[in-house]
Amino acid sequence: MAVRAALPSTRRIHIAVGLVVVVVLPLVSWLDGSGQLAWTMFSRTGRYRVELIADGVQLNPTEVAAFVAPGPTSSVLAGADHFKHHDVARATLRRQLEEVAILACKVRPGATITARLHELVKSDAPIRTSEVTVRCAR
Amino acid sequence: MRSVIGTPELRPLAAARIAFGLVFLLRTTPLLAIFDPVFLRGTSGWLGWPDGGTHVSVMGATLPPALVGALVILRTVAAIALMLGVWTRVSGIVAGLAGYLVLAQDAFGYYHHLHMLYLGAILFALVDADAALALRLTAARSGRSSLALMRVFVASIYLWAAVGKLASEWGTGAALAMFRASGALDRVAWFLTPERYVAIEICVVVIEAAIGAGLLWPRTRRVALCCALALHLTFEIIARVDTIGWQMCALLLVFTRSAQPRPATR
């Protein structure tokens with residue numbers, strides 16, 4: 001089987017794809033603070049803590065973790081009332097904090113849930129806190 | 001035999017496709033269940049198979065469980081086709097996209113190695129990975145740029161990994177202290193003393209950066225390849241790194257060379 005002469009368009013596609021997967025995707029995810037597409041496995045030391053409040057009363061994230069099926073969501077929330085070391089989970093939680101609050105609604109239907117995420121990107125960095133509040137349906 | 005072997009100079013790319021497809025299947029199906037690997041514990045073995053539980057999906061893109069189950073089956077069939085070299089250009093894209101869609105059903109299920117698995121499958125679909133060692137051979141369209149794309153992609157993983165560590169706390173001793181405290185390095189806890197943390201962290205970053213750069217130059221490629229294999233073997237022995245090492249070893253095959261054709265003898 002003979003190798004066909006390289007079609008310029010194919011070569012151009014390879015260059016474009018290369019730029020996207022080697023430069024653009026990692027750089028964009030780096031700039032959004034997560035580094036999730038920048039091959040940062042085992043690189044980061046970020047930690048997080050989740051605080052859930054239902055109608056002014058503390059709700060332990062482990063209680064929500066027990067409600068969902070065993071798996072990644074459950075692992076991330078279990079014990080999250082104390083700082084946990086998992087940088088990918090930290091970055092994902094920041095993006096999905098509202099969904100976590102909605103998840104907590106299943107444990108406290110009808111309540112007003114406030115979800116707070118406390119992030120420690122590095123050991124000596126200040127704690128960054130984000131917060132969302134949702135009103136749960138009955 | 002010639003109809004399966006195909007273009008000799010693209011055999012490394014094809015070998016990488018076969019190995020990568022195999023690792024894809026081993027990671028996303030219960031094939032290894034009898035060996036009880038950590039990544040299959042507590043699961044059905046079919047990565048992302050609907051379990052009836054509540055999950056947080058990415059951007060609210062929750063799909064019906066039946067559709068997710070169908071995507072898992074489609075992903076598996078496509079991965080088998082990719083490995084065997086059957087309609088590789090379609091099967092790689094289907095395996096990758098189905099994988100990403102299933103992954104999006106649980107935002108907290110994201111891991112770097114799963115992204116690598118699905119992105120890798122898509123990349124193998126876009127290059128001439130089916131021009132050799134494939135059940136259904138296709139004529140190469142641009143063999144040189146195909147090899148170059150995969151090689152630069154693999155080298156970039158090492159370089160970005162080094163950059164990520166440099167930008168984090170690697171080199172201060174904090175990273176290894178944290179990993180050790182988490183129990184991830186229990187097998188070598190006897191060796192990891194706080195005095196050694198900084199030196200080990202700097203060594204890892206330097207080696208990763210050197211491998212990434214070394215793979216890109218033909219003169220240093222062989223040494224870099226040996227260092228990369230040694231690095232992954234070490235990580236495999238001392239830490240729980242899921243299938244990252246296997247995936248990287250499969251991808252590293254793109255840096256090998258097929259044997260030179262023997263001169264014709266009379």
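User: In which segment of chain B is Leu253(B) found?
Analyst: The model under discussion is predicted. In chain B, helix H10 covers residues 244-252. Leu253(B) is found in the segment after helix H10.

User: Is Leu253(B) buried or exposed?
Analyst: The criterion for a buried residue is 20 or more other C-beta atoms within 10 Å of its own. Leu253(B) has 20 other C-beta atoms within 10 Å, and therefore Leu253(B) is buried.

User: Which residues does Leu253(B) touch, not counting those up to four places away in sequence?
Analyst: Leu253(B) and Ala14(B) are 239 residues apart in sequence, with 8.9 Å between their C-alpha atoms. Residues up to four places away in sequence are not counted here. The residues that Leu253(B) touches are Pro12(B), Ala15(B), Ala16(B) and Ala19(B).

User: How far apart do the C-alpha centres of domain 1 and domain 2 of chain B lie?
Analyst: Chain B is divided into domain 1, residues 1-141, and domain 2, residues 144-256. The C-alpha centres of these domains of chain B are separated by 24 Å.

User: Which element gives the most to the side of domain 1 of chain B that touches domain 2 of chain B?
Analyst: In this contact, 18 residues of domain 1 of chain B meet 16 residues of domain 2 of chain B. On the domain 1 side, the elements that give two or more residues are helix H2 (11-28) and H5 of chain B. With eight residues, the element that gives the most is H2(B).

User: How many nonpolar residues does that side of domain 1 of chain B have?
Analyst: The contact between the domains of chain B involves 18 residues of domain 1 and 16 residues of domain 2. By class, the domain 1 side that touches domain 2 of chain B has two polar and two charged residues, and its nonpolar residues number 14.

User: What is the order of the elements of chain A from the N terminus on?
Analyst: Chain A has five helices and five strands. From the N terminus on, the elements of chain A follow the order α-β-β-α-α-β-α-α-β-β.

User: What radius of gyration does chain A have?
Analyst: The C-alpha trace of chain A spans about 70 × 40 × 25 Å along its principal axes. The domain assignment of chain A gives domain 1 (7-43) and domain 2 (47-135), and their C-alpha centres lie 30 Å apart. A compact globule of 138 residues would have a radius of gyration near 14 Å, whereas the value for chain A is 21 Å.

User: On which residue is the kink in H1(A) centred?
Analyst: The kink in H1(A) is about 35°. Gly33(A), with a positive phi near 90°, follows this helix. The kink itself is centred on Val20(A).

User: Which helices of chain B do the buried residues of H1(A) pack against?
Analyst: The buried residues of H1(A) are His14(A), Gly18(A), Val21(A) and Pro26(A). Their packing partners in chain B are helix H5 (112-126) and helix H6 (143-167).

User: Which element gives the most to the side of chain A that touches chain B?
Analyst: In all, 42 residues of chain A are in contact with 46 residues of chain B. The elements of chain A that give two or more residues to its side are helix H1 (8-31), helix H3 (72-77), helix H4 (87-95) and helix H5 (97-105). With eight residues, the element that gives the most is H1(A).

User: Is Trp39(A) buried or exposed?
Analyst: Trp39(A) lies in the loop between H1 and strand S1 (47-54) of chain A, and has a positive phi of about 50° although it is not a glycine. Because 24 C-beta neighbours lie inside 10 Å, Trp39(A) counts as buried.

User: What does Trp87(B) count as, given its C-beta neighbours inside 10 Å?
Analyst: Trp87(B) is found in the loop between helix H3 (65-84) and helix H4 (88-103) of chain B. Its phi is positive, near 45°, in a residue other than glycine. Trp87(B) has 18 C-beta neighbours inside 10 Å and therefore counts as partly exposed.

How values were computed
Residues are numbered from 1 along each chain as its sequence is written. Chains are lettered from A and ligands numbered from 1 in the order in which they are written. This is a predicted model: local features need pLDDT of at least 70, side-chain atom pairs count only at pLDDT 80 or more; totals for chains, interfaces and linings use all residues. Domain bounds come from an automatic or database domain assignment. Helices (H or I, at least four residues) and strands (E, at least two) are DSSP runs, numbered from the N terminus. A residue is buried if 20 or more other C-beta atoms lie within 10 Å of its own, exposed if 12 or fewer, and partly exposed in between; C-beta atoms are placed from the backbone. Two residues are in contact if their C-beta atoms, placed from the backbone, lie within 7 Å. The radius of gyration is taken over C-alpha atoms; the globule rule is 2.2 Å times the number of residues to the power 0.38. The bend at a residue is the angle between axes fitted to the seven residues ending there and the seven starting there. Ala, Val, Leu, Ile, Met, Phe, Trp, Tyr, Cys and Pro count as nonpolar, Asp, Glu, Lys and Arg as charged, and the others, Gly among them, as polar.
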